[in-house]
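Student: I am new to this structure. Could you show it to me and go through the terms as we meet them?

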Protein chains: 2
Amino acid sequence: MPQVSIKDIARMLNISVATVSRALHDRYDVKPETKLKVLELAERLNYRPSSHAIGLLKKRTHTIGLVVPEIDNQFFSEIINGLENVAYQQGYNVMIFQSQNIYEREVKIIDQLIGARVDGIAISIGSSTQDFKHLNMLKDLEIPLAMFDRANDQVYGHKIINDNFEGGYKAGEFLIKSGRKRIAHIAGPSTLKLTRLRMQGFKAALRDAQMELRPEYLVHTTFRMEDSHQTALDLLSLPEPPDAIFAVSDYVALGVLKAARELHLHVPNNLALIGFTNLAVGPLLEPPLTTISQQSYEMGEETARILLENIESPDKDFKLQTRIFKPELVVRNSV
Amino acid sequence: MPQVSIKDIARMLNISVATVSRALHDRYDVKPETKLKVLELAERLNYRPSSHAIGLLKKRTHTIGLVVPEIDNQFFSEIINGLENVAYQQGYNVMIFQSQNIYEREVKIIDQLIGARVDGIAISIGSSTQDFKHLNMLKDLEIPLAMFDRANDQVYGHKIINDNFEGGYKAGEFLIKSGRKRIAHIAGPSTLKLTRLRMQGFKAALRDAQMELRPEYLVHTTFRMEDSHQTALDLLSLPEPPDAIFAVSDYVALGVLKAARELHLHVPNNLALIGFTNLAVGPLLEPPLTTISQQSYEMGEETARILLENIESPDKDFKLQTRIFKPELVVRNSV
DNA sequence: AAAATGTATGTAAACGTTTACGGAACTTTT
DNA sequence: AAAAGTTCCGTAAACGTTTACATACATTTT
């Protein structure tokens, strides 16, 4: 028997839908005998209420939309876990979507989430997104928005981010202290603010140590390993190759590691390497990867907390929040 | 201005909702002038149709539900990617949920998916699930079901799985051929059929080579790295430790690798190690991990294809499909 | 001039659920 | 015996959208 509705049950028992509804909700004003009959039949027919009907009727769906660039990235999947856990605890569902860093997909996803009438949206903006209309219209629609990790100042929404400048600074500082002289940086897509900040922090560390960053030691790549691998090969094949690299993320550092191995460069003897993120595989690499840690799980939790607080606040003008996580240096053996 | 409906637009333009609906759908029988007015206003107010209303009205939602044990596992996130891509191409959406291997969560998720009136469900069953009522009732409800990677014979649904017996056999065979004598196996949760099959294949390989599996060389663990790490420590601390380990998955192999490093055992000199899955990080480990590959992305694609074919088939008695992927030995340096 | 056709729009029902309101049939109070 | 209070259930509207059907007016055909 295909899916049944409250109407079907009502018809079968010769009672009204209102009574069925009340029985299912265990309301006070329904005869125990009737209640039992309803519950039994509902159980037998595997009745499950239609979330569409309820979503239509009530103004709230108790669902939040979550948009990440890609799901097969431990950093984001840990954020998802943190966010989901807090959301579930408060009785909210999470709809997960990935933009694949494609602008058109991101727009489409937002449209869908609006159509699904989610109570709020959490997003880490894709690297190709340059136009923010699709996000700023959420303000007019009164849908709370929280941006995590990849936020943008032109967008009206909460921000849960890292102090990327400081992280970059710490990375540079540590490489300098370890005595390296030819320090390079593989940066991310320049469209991302996070990329620019890590780079600026890194540059500041060099400046404070009266060191200079050679132009050829600053290169850009995407967060995909294949790209960073090629970039690293190029960088390490320079006439005067660097003796240290600060990679904008651990995934990029993995590409560097691969390139170094292919070029028979020993890490850390010939090349010091420091990443950013603190992926779970870091300690298992050879050598274990020195990195700047981001608290992904906690960022997910905090994102959910702020978003839900906004959603549940009766205050129309709920203030925008900014939460900045402090990155920590995680010393292992790659420097 | 908060979210508007077709009714709001109709009221503002002093026309009927039917006309607005027709205009938005670019139907033939609406005056160009009216059409223009509607489209303009809809655009200005950021109108997006309510998926709840449409889901209620139409019988189809063009959505499939996807349930994985955990999302922060590259194997599953690649499956998600494969499945999503095929689904998107055919105009379907995917709702992703994780059960965390917790039975109660799995049941709740299925209830939700039924409530959301998804057109079909794809699931990789959680390791703690012993009762399959929640899955078998989908047959009565006429909701197509596809199980990938972790399937169960008691459940009515399509299966997209690996030839786990053969994979186990290949792993055992390769370790034997490489000259190892004290070969151990770290198996997964014994509730999973996949675990039992890999183990049986492995045992068959030993048997065929007239080798014996010592009871203390067969241990069980979960797929989480922390557990496998401890299990490996115990195993490698036996009075007569194994000189080779077949780990039920790459994640488990990572735990073994960590344990070996802590015990100053060189891989592969003191200990040969072979995993299962072929995670992307495998080649980057030291040593690069030898493993049995599973075509995760392709499994995701195939799952979507079979499920969608079932969904779109007018045939009520669409035959159950079983697709078995052949595992391949991937030789690197850990053996 | 009547009939037929075409064009543009409106009416109303349907999807599944909740809930305010009303009312019938009892039971208790005076 | 009338009034008041309980207990249980039904009616109907609402949520947003689509669509079959009806309708009004204008235009063309006989």
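**Sheet and axis**

Tutor: Chain A has an open sheet of six strands, with parallel pairing and the order β2-β1-β3-β4-β5-β11. Strands and helices are DSSP runs, numbered from the N terminus: strands are E, at least two residues, and helices are H or I, at least four. The model is predicted: local features need pLDDT of at least 70, side-chain atom pairs count only at pLDDT 80 or more, and totals for chains, interfaces and linings use all residues. Residues are numbered from 1 along each chain, chains are lettered from A and ligands numbered from 1 in the order written, and side-chain values use heavy atoms, without hydrogens and water.

Student: What makes β1(A) and β2(A) a pair?

Tutor: Two strands pair if DSSP finds at least two bridges between them. Strand β1(A), residues 63-68, and β2(A) have six bridges, in the parallel sense. They therefore pair. Val67(A) has Phe97(A) in β2(A) as its bridge partner.

Student: Which helix lies across β1, β2, β3 and β4 of chain A?

Tutor: Helix α5(A), residues 74-89. Its angle to β2(A) is about 160°. Axes are lines fitted to C-alpha atoms, for helices over the stretch in contact (heavy atoms within 4.5 Å). Angles run from 0 to 180 degrees between N-to-C directions.

Student: Why is the relation of chains A and B that of a two-fold axis?

Tutor: Chain B can be laid on chain A by a turn of 180° and a shift of 0.0 Å along the axis, with an RMSD of 0.1 Å. The superposition is by least squares on C-alpha atoms of residues with pLDDT of at least 70 in both copies. That is therefore the relation of a two-fold axis. In chain B, the C-alpha nearest the axis belongs to His52(B), 2.2 Å from it.
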